[in-house]
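Please find below a colleague's note on the model, arranged as numbered points. The comments begin with one local element and then turn to the chain as a whole.

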Amino acid sequence: MTSHFDNRGVVYKGPGEVAVESIAFPELSIGKRKCNHGVILRVLTTNICGSDQHMVRGRTTAEAGLVLGHEITGQIIECGSDVEFLHPGDVVSVPFNIACGRCRNCKEGNTGICLNVNPARPGAAYGYVDMGGWVGGQAEYVMVPYADFNLLKFPDPEQAMEKIKDLTLLSDIFPTGFHGCVTAGVGPGSTVYIAGAGPVGLAAAAAAHLLGAACVIVGDMVTDRLKQAESFGCETIDLREDGDMADKLEVILGEREVDAFVDCVGFEAHACGCNHGQEAPATVLNSAMQITRAGGQIGIPGLYVTEDPGAMDDAAKIGALSMRFGLGWAKSHSFHTGQCPVMKYHRPLMQAILFDKVKIADAVNVQMISLDQAPEGYADFDGGAAKKYVIDPHNSVKS
């Protein structure tokens with residue numbers, strides 16, 4: 001058993017404010033119950049996610065004091081007595097989904113909606129509102145339960161550290177973008193529209209290329225993000241410009257619809273054109289039905305919530321959006337929502353990284369920062385930076 005060290009983490013203080021504070025060192029326990037199936041990790045990298053930003057903006061019911069962070073890569077320093085196949089020193093990726101491996105949904109591969117790890121609803125995650133109260137991993141140390149089931153062990157620790165900027169994205173963003181494309185039906189020769197060029201949108205665009213898409217089009221309102229998408233072969237649409245989406249697609253494709261649509265924006269969407277400064281939470285979903293071909297599929301990895309205190313109207317505050325669902329029905333669209341079940345994808349995506357089939361860190365523009373720089377990273381990310389901030393709590397990563 002390891003001796004306890006000091007521990008610090010990124011703590012949500014209230015709308016618009018996070019701080020790095022001393023927090024409790026993790027223990028192998030869940031409440032008062034011993035967690036013999038868990039491990040304690042020394043966190044090597046932990047990423048700032050757009051989903052974290054929704055909380056920090058005050059757009060969820062998250063309470064002050066929450067330790068943030070659900071994208072975690074670490075090295076095991078202590079194992080519970082029931083952990084059989086992992087050992088201290090192993091370098092591992094932590095799926096953001098916390099899953100028991102025992103319930104019906106886990107056994108079916110639907111680890112994003114595990115039935116046993118959150119008393120409030122199916123599904124749990126580290127450091128996230130309404131997701132079971134688990135302590136987040138934007139910290140120096142964190143506890144991971146059901147370790148044998150949840151963790152992806154990298155085959156060579158030294159190789160893992162050499163590729164850590166890519167491998168750190170396996171905990172959420174890369175599988176989530178890939179899942180959005182898979183559920184949208186992306187395959188060889190597909191034409192794809194990706195709504196949003198934040199980190200998940202850029203990861204989805206890279207995933208679409210990996211899946212063999214013929215043309216990947218990314219729409220956003222931030223110039224630097226559009227340039228980042230162009231840097232690895234995407235076509236782009238500046239959504240601040242007026243005009244019909246179908247007309248813009250026709251200029252690029254010679255057609256007015258795409259085969260597949262991936263929503264990487266979610267509920268804080270804004271209107272396009274001259275009204276781009278105004279929130280319009282259903283606009284991406286309505287655009288998806290407009291510009292996806294009949295019989296096409298729409299992947300929705302972008303976050304939609306059941307409660308949004310900062311919403312523009314009472315309906316949106318409870319997640320009720322004004323959608324032209326009849327259009328989607330008439331075009332026989334398939335809609336795929338919910339958290340990405342990371343374990344469906346993280347091992348093959350790890351292989352793609354290790355064998356140099358994808359440069360995902362370059363695609364999303366990974367920028368390493370220290371734990372103390374996390375508040376600055378949150379502020380910059382919220383301002384639309386075309387970067388994926390990765391926190392290195394122990395200065396473990398060579399520049």
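1. Helix α15 covers residues 374-382, and its buried residues are A374, G377, Y378 and F381. Buried stands for under 20% relative accessible area, exposed for over 50% and partly exposed for values in between (1.4 Å probe, protein chains only). Seen down the axis of α15, these buried residues fall within an arc of 100°, so they line one face of the helix; the arc is that of the directions from the helix axis to the C-beta atoms.

2. The other side of α15 carries the exposed residues E376 and A379. After α15 comes G384, with a positive phi near 95°.

3. The model is a predicted one: local features need pLDDT of at least 70, side-chain atom pairs count only at pLDDT 80 or more, and totals for chains, interfaces and linings use all residues. Residues are numbered from 1 along each chain as its sequence is written, and side-chain values use heavy atoms, with hydrogens and water left out.

4. The protein chain contains 15 helices and 17 strands. These are DSSP runs numbered from the N terminus (helices: H or I, at least four residues; strands: E, at least two).

5. Of the 399 residues in the protein chain, 56% are buried. Among contacts (heavy atoms within 4.5 Å) with a separation of 6 or more, 70% join residues 24 or more positions apart.

6. The C-alpha trace of the protein chain spans about 65 × 45 × 40 Å along its principal axes.
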